[in-house]
Amino acid sequence: MTKPNDNFFERVYSIVRQIPYGKVTSYGAIAKALGTARSARMVGWAMNVSHHLEDVPAHRVVNRKGLLTGKLHFDGTNLMQQLLENEGIQVRDSQIIDFDTHFWEPDIQQ
DNA sequence: AAGGTGACCGGCC
DNA sequence: TGGCCGGCCACCT
């Protein structure tokens with residue numbers, strides 16, 4: 001039932017839940033915090049599975065360019081952007097302005 | 001069991 | 001960060 005790899009998903013959720021309000025991070029940063037920087041793609045996959053979880057603010061997770069690559073996976077086309085703007089993050093054309101300013105580095109202690 | 005896929009990243013021009 | 005290519009790793013059929 002519980003396979004070792006299943007923990008991987010929970011690890012991702014745990015990190016994403018730690019993202020403060022009004023802050024964003026990248027898939028690679030989360031993957032690095034997990035110790036698997038090369039599995040950044042898996043982080044995105046985990047997000048897709050955790051999409052049904054309310055505790056996981058997937059809208060605060062973008063790629064390293066600050067581009068809302070996963071906005072297409074949300075209910076609305078611009079829902080992800082709306083959520084970010086609601087937190088005080090300026091977004092233009094699916095792109096976060098001052099990405100480095102709002103960037104938050106995950107706590108590498110899991 | 002093998003192949004394909006993906007909400008990525010890093011390097012190079 | 002503008003664009004393209006290769007690599008990487010877990011999940012799915």
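Figure 1. The model shown is predicted. Around DNA strand B stand 18 residues. Those that come nearest are G28, G44, N63, T69 and G70. Two elements each give two or more residues to this surface: α2, spanning 27–34, and α3, spanning 40–49. The largest share belongs to α3, with seven residues. By residue class, the surface near DNA strand B holds nine polar, seven nonpolar and two charged residues.

**Figure 2. The largest nonpolar core.** This core has 23 residues. V12, V16, I30, V43, V61 and I96 touch the most other members. Five elements each supply two or more residues: α1 (6–17), α2, α3, β2 and α4 (79–86). The largest share, six residues, comes from α2. Both α2 and α3 also give two or more residues to the surface near DNA strand B.

**Figure 3. Close-up of V16 and its partners.** V16 is among the core residues that touch the most other members. Which residues does V16 touch, not counting those up to four places away in sequence? They are I30, V56, P57, A58 and V61. Of these partners, I30 and V61 are also listed with V16 among the core residues touching the most other members.

**Figure 4. Close-up of H59 in its loop.** H59 sits in the loop between α3 and β2, the latter covering 61–62. Is H59 buried or exposed? H59 counts as buried because it has 22 C-beta neighbours inside 10 Å, and the cut-off for a buried residue is 20 or more. Beyond its neighbours within four places in sequence, H59 is in contact with M80, L83 and L84.

**Figure 5. Chain A as a whole, for orientation.** Chain A has five helices and two strands. From the N terminus on, the order is α-β-α-α-β-α-α. Along the principal axes, the C-alpha atoms fill a box of roughly 40 × 25 × 20 Å. The radius of gyration of chain A is 13 Å, which agrees with a compact globule, because a globule of 110 residues would have a value near 13 Å. Buried residues account for 28% of the 110 residues in chain A. Among contacts between residues at least 6 apart in sequence, 59% join residues at least 24 apart.

How values were computed
Residues are numbered from 1 along each chain as its sequence is written. Chains are lettered from A and ligands numbered from 1 in the order in which they are written. This is a predicted model: local features need pLDDT of at least 70, side-chain atom pairs count only at pLDDT 80 or more; totals for chains, interfaces and linings use all residues. A residue is near a molecule or strand if its C-beta atom, placed from the backbone, lies within 6 Å of it. Helices (H or I, at least four residues) and strands (E, at least two) are DSSP runs, numbered from the N terminus. Ala, Val, Leu, Ile, Met, Phe, Trp, Tyr, Cys and Pro count as nonpolar, Asp, Glu, Lys and Arg as charged, and the others, Gly among them, as polar. A residue is buried if 20 or more other C-beta atoms lie within 10 Å of its own, exposed if 12 or fewer, and partly exposed in between; C-beta atoms are placed from the backbone. Two residues are in contact if their C-beta atoms, placed from the backbone, lie within 7 Å. A nonpolar core is a set of buried Ala, Val, Leu, Ile, Met, Phe, Trp, Tyr and Cys residues joined through C-beta atoms within 7 Å. The radius of gyration is taken over C-alpha atoms; the globule rule is 2.2 Å times the number of residues to the power 0.38.
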